[in-house]
Amino acid sequence: MYKGIKLYICIMLEKQIIDIHLEEAMQMGGSVSLGEGLVLTDSIAVSPVYNGPKRINYILMALCQRGEACYTIDTRHQTVRQGDLLFISERHIVDNYQSSPDFKCQCIMVSTEFYHSFVLNVKNVSSLLLFSTKNPVVKLTEAEIQTYGNYYTSIRDKMVAAHPYRTEVVKALLLAMFYDMSGVIWRVEQQTSKNQTRADALFARFIKLLEANFRSERRVGWYASQLNISPKYLSEVVKQVSKRTPNDWIDHYVVLELRVLLKNSTKNIKEITEELHFPNQSFLGKYFKEHVGMSPSEYRRS
């Protein structure tokens with residue numbers, strides 16, 4: 001196993017993983033875009049974006065309408081066929097992409113910043129992220145296919161329409177779609193809950209605990225203690241299941257909450273500092289800039 005992992009790392013280093021953003025996705029044939037935050041296309045198969053290993057820096061959701069495609073995501077092989085919905089959240093590595101000549105899908109790509117601009121709370125973000133980590137490809141029912149297709153068409157129409165509140169309407173439709181498609185998450189999780197491994201169950205307990213306490217607790221040792229296991233074992237299981245460390249997940253939740261509060265609330269920096277139990281505003285500012293690349297004030301203005 002470890003030899004295989006080392007071999008994969010060597011291959012990846014030789015191939016040079018390239019980060020791609022929505023600017024590259026806009027090159028796809030037949031695509032429409034809304035600023036730099038949203039791209040829709042049904043011609044992903046002819047895109048040059050997937051030649052070689054790429055780290056995806058946006059959220060991708062696509063419904064396969066016909067044909068077939070295969071790829072690896074973080075070394076795991078995936079196959080997409082008609083009626084399948086695929087999810088790829090940010091920072092995952094996609095490689096070995098191939099598709100049949102007749103492959104066609106309705107693809108929605110959303111930048112992280114744009115996504116954060118319309119989500120209402122951190123749980124909206126985390127549920128999709130967690131689901132896509134465990135279920136990158138899902139077979140939809142006929143009703144779910146119709147629902148996704150209706151949203152895709154409506155969003156695309158509004159993106160090209162001359163409307164004074166076009167962006168606001170599109171964001172509202174996207175939010176409604178993510179809520180509506182959460183029924184897929186609920187259905188799949190009901191079906192798979194009985195087949196959870198012990199590692200999956202522990203990871204789920206960790207995330208549930210994290211969602212309830214990340215605003216005040218950011219120590220891996222505290223979460224391990226609550227779960228009655230050692231920090232080392234918690235780290236091993238979380239890394240095995242999610243390919244991320246517990247610290248990565250803690251930082252992820254905290255940064256997401258900061259983004260949401262800065263964009264979607266009128267609370268000042270002092271109030272946010274107190275709400276998330278940071279020692280002081282200076283510490284919060286350094287933490288946020290380390291993870292986002294700008295200060296909280298700059299982010300709010302942007």
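Colleague: Quick one to start: which residue stands opposite Asp95 in E9?

Modeller: That's Thr72. Keep in mind that we're looking at a predicted model here.

Colleague: Okay, and how do E6 and E9 run, parallel or antiparallel?

Modeller: Antiparallel: strand E6 (residues 68–73) is joined to strand E9 (residues 92–99) by 4 bridges.

Colleague: What holds strands together like that, in general?

Modeller: Strands of a sheet pair through backbone hydrogen bonds, and the pairing can be parallel or antiparallel.

Colleague: So what's the order of the strands in the open sheet?

Modeller: Going across, you get E1-E4-E9-E6-E7, which makes 5 strands with mixed pairing. Strand E1 (18–20) and strand E7 (76–81) are the edge strands; each has a single partner strand, so one side of each has no neighbour in the sheet.

Colleague: And how much are neighbouring strands turned against each other?

Modeller: In this sheet it's 35° on average, ignoring direction.

Colleague: Changing topic: where does Asn57 lie?

Modeller: Asn57 is in the loop between strand E4 (54–56) and strand E5 (58–66).

Colleague: Is that residue buried or exposed?

Modeller: Buried. The relative accessible area of Asn57 is 13%, and the cut-off for buried is under 20%, so Asn57 counts.

Colleague: What does the side chain of Asn57 make a polar contact with?

Modeller: The side chain of Asp19, at 3.0 Å. The Asn57 side chain also reaches the backbone oxygen of Arg55, at 3.1 Å.

Colleague: Which residues does Asn57 touch, leaving out those up to four places away in sequence?

Modeller: Asp19 shows up again, along with Ile20, His21, Glu90, Arg91 and Thr112.

Colleague: Now E3. Which residues of that strand are buried, and on which side?

Modeller: Strand E3 (residues 38–41) is covered on both faces. Leu38 and Leu40 are buried on one side, and Val39 and Thr41 are buried on the other.

Colleague: Which strands does E3 pair with?

Modeller: E3 pairs with strand E2 (residues 32–34) in the antiparallel sense over 3 bridges, with Leu34 opposite Leu38. E3 also pairs with strand E10 (residues 104–111), again antiparallel, over 4 bridges. There, Leu40 stands opposite Ile108.

Colleague: And how many residues are between E2 and E3?

Modeller: There are 3, and the two strands form a hairpin. Look for Gly35 in the turn, which has a positive phi of about 60°.

How values were computed
Residues numbered from 1 in each chain as written. Predicted model: local features only at pLDDT ≥ 70, side-chain atom pairs only at ≥ 80, totals over all residues. Heavy atoms only, no water. Buried < 20%, exposed > 50% of the residue type's maximum accessible area, 1.4 Å probe, protein only. Polar contact = N/O pair within 3.5 Å; in protein donor to acceptor, adjacent residues only side chain to side chain. Contact = heavy atoms within 4.5 Å. Pairing = 2+ DSSP bridges. Axes fitted to C-alpha atoms, helices over the stretch in contact; angles between N-to-C directions.
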